[in-house]
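Hi,

Here is the structure I promised to pass on.

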Amino acid sequence: MNATIKGYYTSDKDTGKEYITGAGNLYVKILYALENGESLYDSVFLTPRAHWRVEDIFKAAGLEAPSADAINTSHFDSLIGEEVKINVGKNQQGYDTIKRFYPKALRDTVAAAVDEVPDEIAEQTADPDLDEDVPF
């Protein structure tokens with residue numbers, strides 16, 4: 001599914017309380033506009049242990065992720081407006097969540113490979129003797 005990153009939030013819009021875990025770690029919530037017209041929030045924790053998630057998001061946007069020790073919330077500015085390919089599933093509580101990000105470079109490489117048909121194959125014509133009904 002395609003999604004566009006619409007923004008990110010460092011604090012609750014209703015209470016103004018900054019997003020901080022019980023252990024004192026900062027996290028952000030990223031807002032995605034899904035191709036089906038729905039919206040989805042994804043929490044991203046800014047800790048070295050959870051940095052894989054940051055890397056996945058940036059790769060899906062085709063951008064290089066900042067290092068785990070240098071990341072701050074302003075790095076997410078570059079993601080706004082980027083289109084990413086994701087897989088949406090349900091979490092343990094039954095809510096929609098992003099299960100996987102697909103790297104943009106990989107998607108572009110696969111699309112290019114499909115579009116490029118070797119000339120020797122493209123110039124071949126179908127054998128009329130092979131055009132027969134299959135009895136099933």
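To start with the turn: how many residues lie between strand 2 and strand 3 in their hairpin, and which residue in the turn has a positive phi? There are 4 residues between the two strands, and Gly37 is the one, with a phi of about 95°. Strands and helices here are DSSP runs (E, at least two residues, for strands; H or I, at least four, for helices), numbered from the N terminus.

Before you dig in, some housekeeping. This is a predicted model, so local features need pLDDT of at least 70 and side-chain atom pairs count only at pLDDT 80 or more, while totals for chains, interfaces and linings use all residues. Residues are numbered from 1 along each chain as its sequence is written, and side-chain values use heavy atoms, with hydrogens and water left out.

Strand 2 and strand 3 run antiparallel and are joined by 7 bridges (strands pair if DSSP finds at least two bridges between them). Within that pairing, Lys29 sits opposite Ser43 of strand 3. Strand 3 has two faces: Leu40, Asp42 and Val44 are on the covered one, with Ser39, Tyr41, Ser43 and Phe45 on the uncovered one.

Next, the core. In soluble globular proteins, nonpolar side chains tend to be buried together. The largest nonpolar core here has 22 residues, and those with the most contacts inside it are Ile30, Tyr32, Val44, Ile57, Phe76 and Val84. By nonpolar core I mean buried Ala, Val, Leu, Ile, Met, Phe, Trp, Tyr and Cys residues joined through side-chain atoms within 4.5 Å; buried is under 20% relative accessible area, exposed is over 50%, and partly exposed is in between (1.4 Å probe, protein chains only). Elements giving two or more residues to this core include strand 1 (2-9), helix 1 (51-60) and strand 5 (96-102). Ignoring residues up to four places away in sequence, Ile30 touches several residues, among them Ile5, Leu40, Val44, Ile57 and Phe76 (contact means heavy atoms within 4.5 Å).

On to the aromatics: there are 6 pairs in the whole structure. Rings of Phe, Tyr and Trp (its six-membered ring) pair if their centres lie within 6.5 Å; planes under 30 degrees apart are stacked, over 60 edge-to-face, and the rest tilted. Tyr27 and Phe45 have ring centres 5.0 Å apart and planes at 40°, so they count as tilted. Tyr27 is in strand 2 and Phe45 in strand 3, so this pair ties together parts 18 residues apart in sequence. Tyr27 is buried at 16%, whereas Phe45 is partly exposed at 34%. Tyr32 and Phe101 are tilted too, with centres 6.3 Å apart and planes at 45°; that pair links strand 2 to strand 5, 69 residues apart. Tyr32 is buried at 0%, and Phe101 is buried at 6%. Ring pairs also link Tyr8, Phe58 and Phe76 into a cluster.

Finally, the charges. I get 3 salt bridges (a side-chain nitrogen of Lys or Arg within 4 Å of a carboxyl oxygen of Asp or Glu). Arg53 and Asp42 have their closest N and O atoms 3.0 Å apart, linking helix 1 to strand 3, and both residues are buried. Glu82 and Lys104 meet at 3.8 Å. For Lys90 and Asp96 the closest N and O atoms are 2.8 Å apart; Lys90 is exposed at 51%, and Asp96 is partly exposed at 31%.

Cheers
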